[in-house]
Amino acid sequence: MVDRISEEIAEVLEAVWTLEEEDTATIRNVADNAPVEVSKDLIARLSSEGLIMVDEQEHVHLLPKGRLLAEKIIRRHRLAERLICDVLGARVEDSEAAACEYEHVLAEGITNSICTLLGHPRFCPHNKPIPEGDCCRSARDEVEPIVVSCDQLRVGESARVAYFSAREHSRLLKLSALGISPGITIKLIQKWPAYVVQCEETEIALEPEVAHNIYVWRTPAE
Ligand SMILES: [Zn+2]
Ligand SMILES: [Zn+2]
């Protein structure tokens, strides 16, 4: 049941969650915001499955079972938005449609991997909270590698490149040409007057903006 709810039900739960954040989850608003036809039948189905409850003022409330499902959908959607904005470099306005596609295909394990890659972000690009996953909770308790931008490394620290933020396309392409690419280990050897990283035997000077757009896996000091 949890993994195989219909897309229709998922869309309604998502709309209710989002509207509840603004305290405006009425039947009418749910119908206006969900990208599917919200028929009386559909609402009745969600109610009979114990996912939602509609009160006398026509306000829709998520019941615990519905909340649990909605939380997962919202988490996938907002992490997909972060992925699309931060890693793929799309504009916030364009991330929405793509995120809607992603939320249906991301498996639970992949979702947690993406969350970890992005450093367990707490907010989506629209500043709405991203529900926590197991990965976020265990990241707080355990010392695990985290992703930081290259300019946050200490001088002398080595780290493996995770991804480039693709907004600076031409410059970042140049990085690949210089041998800096995801999976490669680099060492920060100087921050001032310019950032210099060592990559294999080569020393490469980076503009601050470029250093800021290289994200690396940092292994926290013991
Ligand atoms: Zn968002
Ligand atoms: Zn996480």
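In what order do the six strands of the open sheet lie? The order is 3-8-4-5-6-7, and the pairing is antiparallel. Strands here are DSSP runs (E) of at least two residues, helices are DSSP runs (H or I) of at least four, and both are numbered from the N terminus. Two strands pair if DSSP finds at least two bridges between them.

This is a predicted model, in which local features need pLDDT of at least 70 and side-chain atom pairs count only at pLDDT 80 or more, while totals for chains, interfaces and linings use all residues; side-chain values use heavy atoms, leaving out hydrogens and water. Residues are numbered from 1 along each chain as its sequence is written, with chains lettered from A and ligands numbered from 1 in the order in which they are written.

Strand 3 (146-149) and strand 7 (202-206) are the edge strands, each pairing on one side only. Strand 3 pairs with strand 8 (residues 214-218) in the antiparallel sense over four bridges. In strand 8, Y215 is the bridge partner of S149.

**The zinc sites**

Donors are N, O and S atoms within 2.8 Å of the metal (3.2 Å for Na, K and Ca); water is not among the atoms, so sites may look incomplete.

| Zinc ion | Protein donors | Distance from the ion |
|---|---|---|
| ligand 1 | E81 (OE), C124 (SG), H126 (ND1) | 2.0 to 2.4 Å |
| ligand 2 | C115 (SG), H120 (ND1), C135 (SG), C136 (SG) | 2.1 to 2.4 Å |

The donor residues of the zinc ion (ligand 1) are spaced E-x42-C-x1-H in sequence. E81 belongs to helix 4 (residues 64-87) and C124 to the loop between helix 6 and helix 7, so this pair ties together parts that are 43 residues apart in sequence. E81 is buried at 2% relative accessibility, and C124 is buried at 3%; buried means under 20% relative accessible area, with a 1.4 Å probe and protein chains only.

C115 in helix 6 (residues 108-117) and C136 in helix 7 (residues 134-141) are 21 residues apart, and the pair links distant parts of the chain. C115 has a relative accessible area of 0% and is buried; C136, at 8%, also counts as buried.

The site of the zinc ion (ligand 2) is tetrahedral, with angles of 98 to 118 degrees among its four donor atoms. Four donors count as tetrahedral if all angles lie between 85 and 135 degrees. The ideal angle for four tetrahedral donors is 109.5 degrees.

Notes. Tetrahedral: all angles 85-135°; square planar, octahedral: opposite > 155°, others 65-115°. Buried < 20%, exposed > 50% of the residue type's maximum accessible area, 1.4 Å probe, protein only.
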